[in-house]
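Q: Could you take me through one part of this structure up close, namely the place where two of the chains meet? I'd like to see what it is made of.

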Amino acid sequence: MQHEFLISTRGQGLYEFTSQVRDWLRPCGHDGLLTLFVRHTSCSLLIQENADPEVQTDLQAFFERLVPHSDHPSMSYLRHTYEGPDDMPAHIKAVMMPVSLSIPVSGGVPALGTWQGVFLFEHRRSPHTRKVMAHLG
Amino acid sequence: MQHEFLISTRGQGLYEFTSQVRDWLRPCGHDGLLTLFVRHTSCSLLIQENADPEVQTDLQAFFERLVPHSDHPSMSYLRHTYEGPDDMPAHIKAVMMPVSLSIPVSGGVPALGTWQGVFLFEHRRSPHTRKVMAHLG
Amino acid sequence: MQHEFLISTRGQGLYEFTSQVRDWLRPCGHDGLLTLFVRHTSCSLLIQENADPEVQTDLQAFFERLVPHSDHPSMSYLRHTYEGPDDMPAHIKAVMMPVSLSIPVSGGVPALGTWQGVFLFEHRRSPHTRKVMAHLG
């Protein structure tokens, strides 16, 4: 069983879509393995804490400092800059964070821990519609 | 077939559980795909060299320097600090390293390379019991 | 269905093998899930942009700066150095980037986005033959 989730983003940050994933899995009702795969090279999939929103802003702040935009002096060695100063850093972050996630499913329920949510992490500044393929096997 | 491994940790570091994984897979005897999924947001799953223990201490040393505790001056921008100075760095490291791993299985044996072991990487200082879901499909 | 891809590398950098993956999947013709798993601890699997080769050289340049070789003064704390100055940094990079990738397959075609290619990222300086296990389920 396959499905494509569409996630609308409005700039850099984390966008949770746990409830959409749960809703899609529920009718199947049996055990299996859910795989999520993002069809882009400038955003990521994350499983992270969804209780305190400061976790999400701190995550974003850390990665902005670790991978500054390409107009920052420390990044002057970057060559792929014609799509904007946030583009090559987006590719770098997309390499450091998951493009695919696999989550066991028990009785139609994903085996997420108490505090785990499923997020798309948008690394570009401008709005995008992101495609996430889901496969339940 | 699903199973939950429990890994007891005693502070930051790598905890190998390759033999538990091999023991669980052996009776099945056929080809398949093993997926491991950790149900927490402050530890990671790793596949790494299990020959020289200095690889493990070096890995830990590198990530301590890359993501210092939140009482370090360079991390003063972090906001999610009330669970202790090792908490938000643990979330950051959990984003940079795998939450799920998928390993092909041939005749009941995981296709690990000669030097590959399966580890839980604990990012918190205090002892924890960590839950790792296994799915064999 | 399982297969082992062999990727010959000639030093640090990205080696694309998207076409080999597509060729192997095509005869199956149905929906499924492709999992790739690299059987080594000093190289990684990546999905990244395959249009502009500067993305690949920029990725390599970033990770060389983030994880310098162990003969660099900033890395003097590393202990696992007897296999050469590029060895422990290779293990560190192998922890930060995927060892396994899972890609949904629709009608024998992997659900890669327009710009996504599948790469092996070699972290060692010397030539290697790298083994990548593929499982289609």
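**Where chain A meets chain C**

A: Let's start with the polar side of things: in this predicted model, 15 residue pairs are in polar contact between chain A and chain C, both partners having pLDDT 80 or more.

Now for who takes part. Chain A puts 27 residues into the contact, and chain C puts in 31 residues. Sorted by class, the side of chain A that touches chain C holds 15 nonpolar residues, nine polar ones and three charged ones. Two or more residues each come from strand 3 (32–38), helix 3 (87–96), strand 5 (100–106) and strand 8 (127–136) of chain A. Helix 3 of chain A gives the largest share of that side, with six residues.

How much surface gets covered up? About 2,400 Å² is buried between chain A and chain C, and carbon and sulfur atoms give 64% of that area. On the chain A side, A:F37, A:Y77 and A:V95 lose the most area to chain C, together making up 26% of what that side buries.

Finally, step back to see how the copies are arranged. The copies use different surfaces, with 10% of the contact residues of chain A recurring in chain B.

Terms used: Residues are numbered from 1 along each chain as its sequence is written. Chains are lettered from A and ligands numbered from 1 in the order in which they are written. This is a predicted model: local features need pLDDT of at least 70, side-chain atom pairs count only at pLDDT 80 or more; totals for chains, interfaces and linings use all residues. Side-chain values use heavy atoms; hydrogens and water are left out. Contact means heavy atoms within 4.5 Å. Buried area is the accessible area (1.4 Å probe) that two parts lose on being put together, summed over both. A polar contact is a pair of N or O atoms within 3.5 Å; within protein, one must be able to donate a hydrogen and the other to accept it, and residues adjacent in sequence count only if both atoms are side-chain atoms. Helices (H or I, at least four residues) and strands (E, at least two) are DSSP runs, numbered from the N terminus. Ala, Val, Leu, Ile, Met, Phe, Trp, Tyr, Cys and Pro count as nonpolar, Asp, Glu, Lys and Arg as charged, and the others, Gly among them, as polar.
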